[in-house]
Amino acid sequence: MTYSRRDILKIGAAAGLASAAPSHLLAQSSSGVALTAREASLQLAPPDYPQTSIWGFDGSMPGPMIRVRQGGRVTRRLVNELPQATSVHWHGVRIVNAMDGVAGLTQEAVAPAASFDIDFVAPDAGTYWYHAHNRSVEQVARGLYGALVVEEPEGPDVDRDEVLILDDWLLNPETAQIDPDFTSRHDRSHAGRVGNFIATNGQYGHSLDVRRHERLRLRLVNAANARIFELALAGLEGWVMALDGMPLDAPQPMSETILLGPGQRADLLVDVVAEQGETAYLVRVDNGEGFVQSAFPVIAASSGARRDAPEALPPNANMAPPDLSQARRVRLHMGGGAMGRLQSAQLNGERRTFRQLVDANQFWAFNDVVGMTDDPLADLALDEPVRLEIVNDTSFPHAMHLHGMHFREIAADGTLGPLRDTVLTFGGETREIVFSAHNPGDWLFHCHMLSHAASGMMTWVRVT
Ligand SMILES: [Cu+2]
């Protein structure tokens, strides 16, 4: 079923409704609870296909949703029952560095049959996610991820609070098994590993029954290895309330589509405006054509008028923009890839021609260096303000994710954008971000197109 942009925009508004308690909310974190990474089989593709073997936390995909109150602790014992070493990264959380889960930087990967005790405080309310951070290009693609929701002390007035994790999978069209080639030269050198099967929460034909005029909080997470989701509403009207977990200063009416790069999140408040008997949709727009990402059949009438437009979510503390005039300047030049201009770069301390890099299945460089270095991109003093210029001198988009700290983009007119932890840059663009180095530790800064990260696009900053 497809919908044109015109259909998306045609659907009108109207009046309000009662509440259904969120019934599926999982318990608060409790100490000693296992989070087991293991193999499992589940029905991912349509019912006439075989089950798909996946790797999932507690054997599910997405893994268990973890909900805590703002300021609450998350404690889990990561138990590795996989045939590979693994680790868990808590994407977007201003976390203590030792719990950031980056194998090779903040901890050793957890070996098969071993375990690792996770224990951290979640200081900021918002929508986050957790995912494997060892051999991520394979482990995330196999299903090792889940949502982390940190609840405001007093959340907005909604009827339902739903996490929608968007992903694509590269499946064998005959067997529905995940394509096991995670080193594909083409994926690495082009746009990354893009799947041929797209779903929400790992469910084919994802659907939630709603009532007219219900208000839903939709927490959207892009868990895909490389796909950029362009999203619109049909039969729903709403606002973007937060990006990458952090509230916007003012709700932004969602009249146009929004883009979510890999790793990015958006919190929406949406009102069901479709009539009883109709179906509302979260629409994925692909080359100007709309496809159903999630369906919301309107199974009952409203019992009242629509709510008023929402107030902004309460801001998280200690997020004041840094003083630009005092900021240290750092530059990140991104080069390489197919149709790029990279002639040569350093790999393992030696200058290599692009041809040699191709032979090594490495395609991308930051400041002419491929992959992780012994020295950080920037060695920052605690609370030092930084403005970081990102030059995308390639032919592809890259979603640059900074661990441990959120940043703001500096617009061309000098104004600051919303807080984010992942910025989507397109080929040929130069973007500048600013942040205060307020979280001590070694923080990865990498492309969240995971094939790109695996073939050169990783660096790090140190805050002491
Ligand atoms: Cu990239």
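## A proline in a loop

Pro62 is placed in the loop that runs between β3 (52–57) and β4 (66–69), where helices (H or I, at least four residues) and strands (E, at least two) are DSSP runs numbered from the N terminus. The peptide bond that joins Met61 and Pro62 is cis, with an omega of about -5 degrees.

This is a predicted model, in which local features need pLDDT of at least 70 and side-chain atom pairs count only at pLDDT 80 or more, while totals for chains, interfaces and linings use all residues. Residues are numbered from 1 along each chain as its sequence is written, and side-chain values use heavy atoms, with hydrogens and water left out.

## Overall fold and dimensions

The protein chain contains five helices and 33 strands. Its radius of gyration, taken over C-alpha atoms, is 22 Å, close to the 23 Å that the globule rule (2.2 Å times the number of residues to the power 0.38) gives for 464 residues, so the chain is as compact as a globular protein of that length. The C-alpha trace spans about 70 × 55 × 50 Å along its principal axes.

Of the contacts (heavy atoms within 4.5 Å) in the protein chain with a separation of 6 or more, 78% are between residues 24 or more positions apart.

## Domains

The protein chain is divided into domain 1 (33–151), domain 2 (160–301) and domain 3 (328–463), with bounds that come from an automatic or database domain assignment. The C-alpha centres of domain 1 and domain 3 lie 24 Å apart, and the contact between these two domains takes 18 residues from domain 1 and 20 residues from domain 3.

## Surface and charge

Buried residues (under 20% relative accessible area, with exposed meaning over 50% and partly exposed in between, for a 1.4 Å probe and protein chains only) make up 58% of the 464 residues. The protein chain exposes about 18000 Å², by the Shrake-Rupley method with a 1.4 Å probe, and carbon and sulfur atoms supply 48% of that area.

There are 38 positive and 56 negative side chains, and the centres of the two sets lie 1 Å apart. Lys and Arg count as positive and Asp and Glu as negative, with His and the chain ends not counted, and the place of a charge is taken as NZ of Lys, CZ of Arg, CG of Asp or CD of Glu.

## Positive phi angles

Ala113, although not a glycine, has a positive phi of about 75 degrees; Ala113 lies in the loop between β6 (88–91) and β7 (115–121), and at 77% relative accessibility Ala113 counts as exposed. Arg135, also not a glycine, has a positive phi of about 45 degrees, and Arg135 is found in the loop between β8 (126–132) and α2 (136–139).
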